[in-house]
Amino acid sequence: MPWDWDKLQKQMKNAPGKGQITPPEMEDVFKKFTDFKGKFSGKIPIIIVAILLILFASSSFFTVAVDEVGVVQRFGKYVRTVQPGLNFKLPAGIEKVTKVPVRHVFKEEFGLRTIRAGVVTRYAQGNVYANEALMLTGDLNVAIVPWIVQFRVNDPFKFLFKVRNVRKTLRDLSESSMRLVVGDRSINEVITKRAEIATKVQSILQKELNRTDAGIKIVTVELKKTNVPKPVQPSFNEVNQAIQEREKMIYQAKEQYNKAIPAAKGNAQKVIRTAEGYALARVNRAKGDAARFISVYNAYTKARKVTLKRLYLEAMQDIIPKIGSKYIIDAEQKNLLPLLNLGRLKGGKK
């Protein structure tokens, strides 16, 4: 409501102290209000209707983002789910809309907290989060197992109305699933087989969430660096060193085995093949000799004299070349002495 500027200036000039302003009188205020009411008395219904229309439009039309869906309740009861875009509902007080991000991947951390996200994410670990990650393994060792669970909302209705506190339920089920899997494995398996443990935990956790109708889909379970508590770290390092030495010796033994056994097997196969070849040659030679003997015998039975003479000649042909000095005499010779040079000594000396 505007005031009379001239009157205000006069009041400032007539003020007893510099800078002091006399407040307007109640009669003037009442008069101004009456004049204002008289000017707009005929337009009040229109103004009220306009305000109601604005309120109706602002509370009836709403926009759902591309990665969300809108869950509409009428007097608290679920009625429908709307898709991304511009949508309409009844005014506030009748229908209420709750936007649920269904494409966003949420994250729950156990035994650590993210300090700074980026290409290389930094995490904070300490005694504050130790109880979440401290677990007993199957071989009665204590391990610190930090992990991360990433999930997405796949059923907005169940996510909002089936479970009172979905995040707390997820954390409780995640801890119980991880402790169940870790409790069935040794400390070495927990440290070296993180991917296998994460896959098993994800399967168990998803089954439990489905059973509770949480409306959550587990995207991944990731185990971070697993270790043992600091007081037992030196002893554990010694154990690991002994295990590494054992693995080294086993590897060296296998290496020697892989060298010796194939060589021995190769030599054995060589001996076997040689023996088989020798046996085959002997058998074939014996068969050939037998066949030759049979053929000779068959020829002998047909012509005995000719065969005997041929055998004699063949034998002489084989024997005579092997004789050093040969003396051929006729049947009338009585004495061999004239034919021998008895004066020649051994070595060519007389």
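Predicted model: local features only at pLDDT ≥ 70, side-chain atom pairs only at ≥ 80, totals over all residues.

Me: Why is arginine 171 called buried?
Reply: The relative accessible area of arginine 171 is 16%, and the term buried applies under 20%, so arginine 171 is classed as buried. Arginine 171 is listed among the buried residues of α6, which include Leu170, Leu173 and Met178 as well.

Me: What makes the pairing of arginine 171 with glutamate 108 a salt bridge?
Reply: The closest N and O atoms of the two residues are 2.6 Å apart, and a salt bridge requires a side-chain nitrogen of Lys or Arg within 4 Å of a carboxyl oxygen of Asp or Glu, so the pair qualifies. This pair links distant parts of the chain, with arginine 171 in helix α6 and glutamate 108 in strand β6, 63 residues apart. Glutamate 108 counts as buried too, because its relative accessibility is 9% and the limit is under 20%.

Me: How do you know that lysine 158 and aspartate 213 meet in a salt bridge, and are these residues buried or partly exposed?
Reply: Their N to O distance is 3.6 Å, which falls within the 4 Å limit. The bridge links lysine 158 in helix α5 (residues 156-161) to aspartate 213 in the loop between α8 and β12, 55 residues apart. Lysine 158 has 28% relative accessibility and aspartate 213 has 27%; partly exposed covers values between the buried limit of under 20% and the exposed limit of over 50%, so both residues are partly exposed.

Me: Why is arginine 246 called partly exposed, and which residue does it form a salt bridge with?
Reply: Arginine 246 has 47% relative accessibility, and exposed would need over 50%, so arginine 246 counts as partly exposed. Its salt bridge is with glutamate 247, the closest N and O atoms being 3.2 Å apart, and glutamate 247 is itself partly exposed at 41%. Elsewhere, shared partners join the salt bridges of Glu108, Arg113, Glu132, Arg167 and Arg171 into one network, and the structure holds 18 salt bridges.

Me: What makes the span of helix α6 close to the expected one?
Reply: Helix α6 (residues 166-182) has 17 residues and reaches 24 Å from its first C-alpha to its last.

Me: Which residues touch the most other members of the largest nonpolar core?
Reply: In this core of 35 residues, they are Trp147, Met178, Leu209, Ile218, Val221 and Leu223. Elements that each supply at least two residues of the core include β11 (147-153), α6 and β12 (216-223). Beyond its neighbours within four places in sequence, methionine 178 is in contact with Met135, Val145, Trp147, Ile197, Val201, Val221 and Leu223.

Me: How do you know that leucine 90 is exposed enough for a nonpolar patch?
Reply: A patch residue needs over 30% relative accessible area, and leucine 90 has 32%, so leucine 90 passes that cut-off. Leucine 90 is found in the loop between β4 (85-88) and β5 (95-101), and together with Phe61, Leu86 and Phe88 it forms a surface patch with about 400 Å² of accessible area.

Note on methods:
Residues numbered from 1 in each chain as written. Heavy atoms only, no water. Patch = residues over 30% accessible without salt bridge, like charges linked within 9 Å, V, L, I, M, F, W, Y side chains within 5 Å. Areas by Shrake-Rupley, 256 points an atom, 1.4 Å probe, with all protein chains shown as cover. Helix = DSSP H or I, 4+ residues; strand = E, 2+ residues; numbered from the N terminus. Buried < 20%, exposed > 50% of the residue type's maximum accessible area, 1.4 Å probe, protein only. Expected span 1.5 Å × (residues − 1). Core = buried A, V, L, I, M, F, W, Y, C linked by side-chain atoms within 4.5 Å. Contact = heavy atoms within 4.5 Å.
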